Amino acid sequence: MRKLLLLLFMASPFMVSAQGFQVNLAGQKQIGMGHTGTGLVQDGAAVFFNPGAVAMLPQNYVQAGTSPLLFKSVFNGTGTTNEYRTANKIATPFEGYAVYGPKSAPWKVGLGVYTPFGGLTDWGSNWQGKYVLESLNLKSIYFQPTLSYKITNYLSIGAGFVYDRGIVDLKRAIPLADANGQDGQAKLSGSGHGYGWNAGIFLKPLEKLSIGVSYRSKVTTTISKGDAIFTIPSSLQAMFPQPNTFYASIPLPATTSVGLGYYPNKQWTIAADASFVNWSVYKSLDFDYANNTSVLADTHSPRDYKNAVSLRGGAEYKGINNLSKWAIRAGGGYTSAAAQAGYVTPEVPDAKRYYLTAGLGYKAASHLDIDFSFEYEHLFSRTQTNMESNLSGTFKSNVYIPGISLAYHW
């Protein structure tokens with residue numbers, strides 16, 4: 001039976017994960033190992049990486065962490081030497097997990113609260129693309145209750161329900177100047193929700209090998225009555241009725257991942273993950289205003305994303321200089337771009353990218369772990385002319401992400 005399951009896993013299509021505004025900062029141990037974890041049993045973050053592996057955890061967990069994210073991007077307009085830079089603002093992705101089950105029971109229940117999608121981009125009000133975007137703050141918070149069951153000592157399954165709380169705050173200039181020459185401004189802000197699910201299978205066919213497969217479904221987050229606030233010259237206010245609201249629906253794509261864990265000895269863990277992200281569901285960004293006029297029409301901005309992939313690898317070594325309280329981790333990966341040529345926007349200047357990660361783990365007490373991680377991510381330079389806005393130029397971007405988490409286990 002065990003060999004048959006192994007053959008079935010090996011015969012599965014090779015899935016490989018991706019970009020756009022996906023974040024995936026869901027566990028410090030996993031970040032340190034290059035964002036691997038689908039095929040591993042490490043800690044409560046298994047609720048996110050593979051619900052099927054939760055039942056294999058030898059202990060119960062309560063843990064929380066954060067990964068402050070600094071996104072730095074530079075835009076150089078075509079035919080000019082002018083450069084515009086994003087403000088140094090820090091986004092705060094976070095994760096929290098609780099896992100419980102009697103030691104003698106084959107089941108465990110879990111709860112995860114994490115932020116798999118989002119973005120914080122602020123170009124300011126005096127740059128070339130201000131009529132496309134001044135700033136965007138997007139947050140998606142998933143709440144995931146999970147049930148996992150160990151069928152045998154080498155096979156377990158799990159699944160969870162997902163409730164998403166989405167929050168958006170977007171600003172852009174309007175080319176209607178007042179008496180002082182100041183542009184008008186549109187601010188769209190609001191919150192909404194969506195629903196989804198996830199599931200996973202974990203298999204340990206050999207003493208030194210483990211395999212995992214997980215699936216996180218598409219979640220369509222709907223904002224039904226967001227606030228649409230327009231600051232424009234008083235003579236034109238009748239064209240922009242206030243108060244006003246908007247309706248918007250944002251699809252957060254499904255992700256399928258396959259992961260492997262290999263354990264040459266008690267000190268080393270080597271892991272690899274591959275993910276496929278169904279970004280093709282993101283066709284357009286639309287805003288439907290409750291009150292329209294001859295000037296204020298609903299907006300339809302094509303995005304036409306394509307499906308994307310990522311490949312990740314990493315390793316962990318425990319027992320440096322025989323000090324078993326420490327673990328050291330390293331990893332990296334590559335992801336393809338979801339935004340196709342002609343559809344790149346300053347809200348998400350998407351591009352192919354590679355990243356390098358490192359991490360440290362410290363056992364502060366018999367039941368308490370502290371984990372640190374750091375990630376450097378480099379996006380390849382991308383020269384584009386957006387077919388809707390005609391904004392033309394080159395984006396160069398880097399991301400810096402330190403992280404820390406605490407885990408209590410018993």
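Helices (H or I, at least four residues) and strands (E, at least two) are DSSP runs, numbered from the N terminus. On that basis, Asn 390 is placed in the loop between β20 (368-385) and β21 (392-409). This is a predicted model, in which local features need pLDDT of at least 70 and side-chain atom pairs count only at pLDDT 80 or more, while totals for chains, interfaces and linings use all residues. Residues are numbered from 1 along each chain as its sequence is written, and side-chain values use heavy atoms, with hydrogens and water left out.

## Overall form

The protein has three helices and 21 strands. Its C-alpha atoms fill a box of roughly 75 × 40 × 40 Å along the principal axes. The radius of gyration, taken over C-alpha atoms, is compared with a globule rule of 2.2 Å times the number of residues to the power 0.38. For 410 residues a compact globule would have a value near 22 Å, and the 23 Å of the protein agrees with this.

Burial is described by relative accessible area: buried means under 20%, exposed over 50%, and partly exposed in between (1.4 Å probe, protein chains only). Of the 410 residues, 52% count as buried. Accessible areas come from the Shrake-Rupley method with a 1.4 Å probe, and for residues only the protein chains shown count as cover. The protein exposes about 18,100 Å², of which carbon and sulfur atoms supply 60%.

## Strand pairing and the nonpolar patch

Two strands pair if DSSP finds at least two bridges between them. Strands β7 (135-152) and β8 (residues 155-174) run antiparallel and are joined by 15 bridges. A hairpin through two residues connects β7 to β8, and Leu 147 stands opposite Ala 159 in β8. Strand β8 in turn is joined to β9 (residues 184-206) by 20 bridges, again antiparallel; Ala 173 has Gln 185 in β9 as its bridge partner.

Leu 147 also belongs to a nonpolar surface patch, whose other members include Tyr 100, Trp 107, Tyr 149 and Trp 410; the patch has about 990 Å² of accessible area together. Patches are made of residues with over 30% relative accessible area and no salt bridge, like charges being joined within 9 Å and nonpolar side chains (Val, Leu, Ile, Met, Phe, Trp, Tyr) within 5 Å. Strands β6 (107-122) and β7 each supply at least two residues of the patch, and β7 gives the most, with three. Tyr 100 lies in strand β5 (residues 94-100) and is partly exposed, because its relative accessible area is 42%.

## Salt bridges

Side chains of opposite charge can pair when their charged atoms come close. A salt bridge is a side-chain nitrogen of Lys or Arg within 4 Å of a carboxyl oxygen of Asp or Glu. By this rule the count comes to twelve.

| Pair | N to O distance |
|---|---|
| Lys 89 and Asp 122 | 2.7 Å |
| Lys 130 and Asp 183 | 2.8 Å |
| Arg 303 and Glu 347 | 3.1 Å |

Arg 303, in the loop between β16 and β17, and Glu 347, in the loop between β18 (323-335) and β19 (353-365), are 44 residues apart, so the pair links distant parts of the chain. Arg 303 is buried at 4% relative accessible area, as is Glu 347 at 11%. Glu 316, Lys 318, Arg 329 and Asp 371 are linked in a network of salt bridges.

A cis peptide bond, with omega about 0°, joins Gln 242 and Pro 243; Pro 243 is in the loop between β11 (219-231) and β12 (245-252). Asp 304 has a positive phi of about 50° although it is not a glycine, and lies in the loop between β16 (299-302) and β17 (308-320). Asn 390 likewise has a positive phi, near 65°, and counts as exposed at 57% relative accessibility.

Phe 49, in helix α3 (residues 46-49), is buried, with a relative accessible area of 6%. Contact means heavy atoms within 4.5 Å. Leaving aside neighbours within four places in sequence, the contacts of Phe 49 include Ala 26, His 35, Thr 38 and Ser 214.
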